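Please keep the sequence and the structure in view while reading.

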Amino acid sequence: MTTDQIEIVDPDIDESYADDIDDSPYVEENSGQVASHVGGDMVQNVHNWLGRYQAARELSDAFVRETIATFVERNYGPGGWSREAAAAILRERRHVLLVADPGTGRRTAAVGLLGGVPSPRREIPIDDDTQRLLPVDEVPWSYYDQSAYLLTVPTGNRNGRLRELLIAYREAVEKRDSYLVVLVDQKSLERPEEIPGFTVLTATAPAREGLLSQLLEDQRARLDVDALLQTSPLPEMLESATPAQVARLSRRIRAAADNPQASLAEIARKSVQAYQNWDEELAAWFQDNPDPRTRLFLIALAFLQGGQATNVLHAMEKLAEKLNEPADVCGGIGAPGIRQLAKNVNARIDDRHRIFFTLPSYDVAILRYVHGDQSKAFRTRLWSWASDLPIRRGGSPNARVAGQVASAMLAVTLALPGADAPEVRTLIERWWNYQTLHPLVVDLMTAIAMSPEAGTAMRGRLNQWAVQSGSVPLLCAVAAVCGGALADAYPQAVLTRMKNLAGRGIDPVTDGVVEAVRSLWDRPLHRQTTLRQVVEWAAGQDQQRRDTGRRALAAISDTPERAGSLLAELAGVAEVQAGLIHAFTYLFGSEGPQGKIREALLRWLDAATEEPVYEELLTGVMVAAGGTGEGASSRFARMSDLLYDWQPVARDTQAPAARDLRDRLNERLHNASPLVAS
């Protein structure tokens, strides 16, 4: 079995849409310079975050409007222009190279330009695995049409053909009467002004205090923002902060200001402590609290904040069992009870007996601290316990608790240094056995894979699992992720992982790949690339991929309408037709087409009676495939059998169009057969 290896690269996280998530009853989030609240039940949090990542990737109208509404002015060079003036340059000259380094808020600056031209707006995908621009002819231009495009050159790109590639992209966009903004850092492109057809602009980072003030604009009704920003230690924190770090600090301020009784000094102090992940405070707390019962309660509450206090206590006792702690950890009447434990861990219990931390962003900080302070074996047992929390005997899993655990997993993954996601595998393998948890698992995996912080590592793990893992639930989950929103942002990466899954030869995994193919086929943006991939599998040397390719071809032509759409995509694409010829050579060898692929071919013939171009397409493919290599006469005989199965002589009078097509095609096959030619 051959696989496609990928090169893991360090993530460029300067364009962070959100760097962590506070596992609380609501989500506070930021996208570039756009701050907003997302409400909803806990189970919706991961889905909400995924939606934000998608909106940013897709440059949706709502995302662009929100960005412009909260845009913090900066200078666009070389003339020191405002955003409106720079956008006017894009409208007039249509193709702009925006030269700016990571960490300067450059993506938001690019969105500011694109907000000044008509929608739709599209982000041109790159080859994520190799961190290179796609060849221009592999970009699905036909489904974009007239648009405003954003192309981001991977940071530190040393492609010697970058100049020629950018010219080719500009020419492709020019043919479509569209706009193009190319984001490139200064190290990747020498003398950008010499690239013909582009206007070169630069962008400075926004003023830090102005950015933070804008991000807190909607808090002014209850908070003296201007005075707060002058309150120590906030000014010191802003001195060297990047735009992404300022956005993160704004979320910590929001969380710290949740208590209306808190003074400005207290808000400033707590927001900075939360920004620093409460590292010093947690180190001191663990030193002062060696009691296992109290420590375990702290960790359990980090997962289940906002739930019933007694449920947290019960979960803590289960965690003690999982970690093989002494029996007296569960305690009796002499052990600290819920209220004492709540006081010991900086938590409060409300009048509905729900329990919350009193410190902002404390839950994520706890999990981050524990991950960095304990062994890998401890982390494995911890997430094994967490994955069991939603599971109920004899019933469906508790969706709310599952949402809390998934939110905690997403939050800690994005908050960890290096932003890797090895423990997410534990949740996937445990939860994939429950159909009701499939959407949450897919959303969690996709959100991590699309995040600027952990995305590179997670996409690498998806490929590693697709190639090496023997876990069927894990492989099925990877297939489901490949058929979803991840493909819109990273189409090339998704196809690589699907190709590796297609070669595994595991029936449930193959089912998942076929379903992913069907999902991609239903979205016109992916139709051509999906068809190319499926035909490549069906025409290849690998038997397992060949079988997957046939099943996928059958799945995307399982109705008359789908069959017609497939032939429409095939028409005029000589490269894919050539691949289909090789696929048919294998298909009509041995026993010939069987089962669903045979039924699909009959639908193809039905479609060919409606469109002469489809008839010519099928005739050409079948004749060429039949006469390729040894066994030609047998292949032609099987093709003729298929024609008479499709249109038996007994039905000729009822279907004259099908009869005539059968006879014309059969005559072509007969004349091409080596037996007749000899």
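**The sheet and its surroundings**

In this predicted model, 6 strands form an open sheet with mixed pairing, in the order β3-β8-β4-β7-β6-β5. Strands β3 (76–77) and β5 are the edge strands, since each of them pairs on one side only. Helix α5 (residues 162–175) packs on the sheet and touches β4 (95–99), β6 and β7. The direction of α5 makes about 160 degrees with that of β7.

Strands of a sheet pair through backbone hydrogen bonds, and the pairing is either parallel or antiparallel. The bridge partner of Y149 in β7 is L180.

Is strand β6 largely enclosed or exposed? A residue counts as buried when its relative accessible area is under 20%. Of the 5 residues of β6 (residues 148–152), 4 are buried, so the strand is largely enclosed by the rest of the structure.

**Two pairs of packed helices**

Two packed helices are described by the angle between their axes and by the distance between the axes. Consider helix α25 (residues 527–539) and helix α28 (residues 574–587), whose axes come within 8 Å and cross at roughly 30 degrees. Angles under 35 degrees count as roughly parallel, and α25 and α28 are therefore roughly parallel to each other. The crossing in which α25 passes α28 is left-handed. On the side of α25, the contact is made by Q528, L531, R532, V535, A538 and A539. On the side of α28, it is made by E575, V576, G579, L580, H582, A583 and Y586. By class, this contact between α25 and α28 has 8 nonpolar, 3 polar and 2 charged residues.

A second pair consists of helix α23 (residues 491–502) and helix α26 (residues 543–555), which pack at an angle of about 110 degrees with their axes 8 Å apart. Angles of 65 to 115 degrees count as roughly perpendicular, and α23 and α26 are therefore roughly perpendicular to each other. Their contact is made by K499, N500 and A502 of α23 together with Q544, R545 and T548 of α26. The residues of this contact between α23 and α26 divide into 1 nonpolar, 3 polar and 2 charged.

**Backbone details in the loops**

Most residues other than glycine have a negative phi, and most peptide bonds are trans. Some positions in this model deserve attention against that background. A cis peptide bond joins G77 and P78, with omega about 10 degrees; P78 is found in the loop between β3 and α3 (83–93). A cis peptide bond also joins S119 and P120, where omega is about 5 degrees. The loop that holds P120 lies between α4 (106–114) and β5.

Positive phi values are found as well. N277, which is not a glycine, has a phi near 65 degrees; this residue lies in the loop between α10 (264–275) and α11 (279–288). With a relative accessible area of 10%, N277 is buried. H353, likewise not a glycine, has a positive phi of about 65 degrees. The loop containing H353 is between β9 (347–349) and β10 (355–357). H353 is partly exposed, with a relative accessible area of 22%.

Technical notes: Residues numbered from 1 in each chain as written. Predicted model: local features only at pLDDT ≥ 70, side-chain atom pairs only at ≥ 80, totals over all residues. Heavy atoms only, no water. Axes fitted to C-alpha atoms, helices over the stretch in contact; angles between N-to-C directions. Helix = DSSP H or I, 4+ residues; strand = E, 2+ residues; numbered from the N terminus. Parallel < 35°, antiparallel > 145°, perpendicular 65-115°, else oblique. Left-handed = near helix turned anticlockwise from the far one by under 90°. Contact = heavy atoms within 4.5 Å. Nonpolar A, V, L, I, M, F, W, Y, C, P; charged D, E, K, R; others polar. Buried < 20%, exposed > 50% of the residue type's maximum accessible area, 1.4 Å probe, protein only. Pairing = 2+ DSSP bridges.
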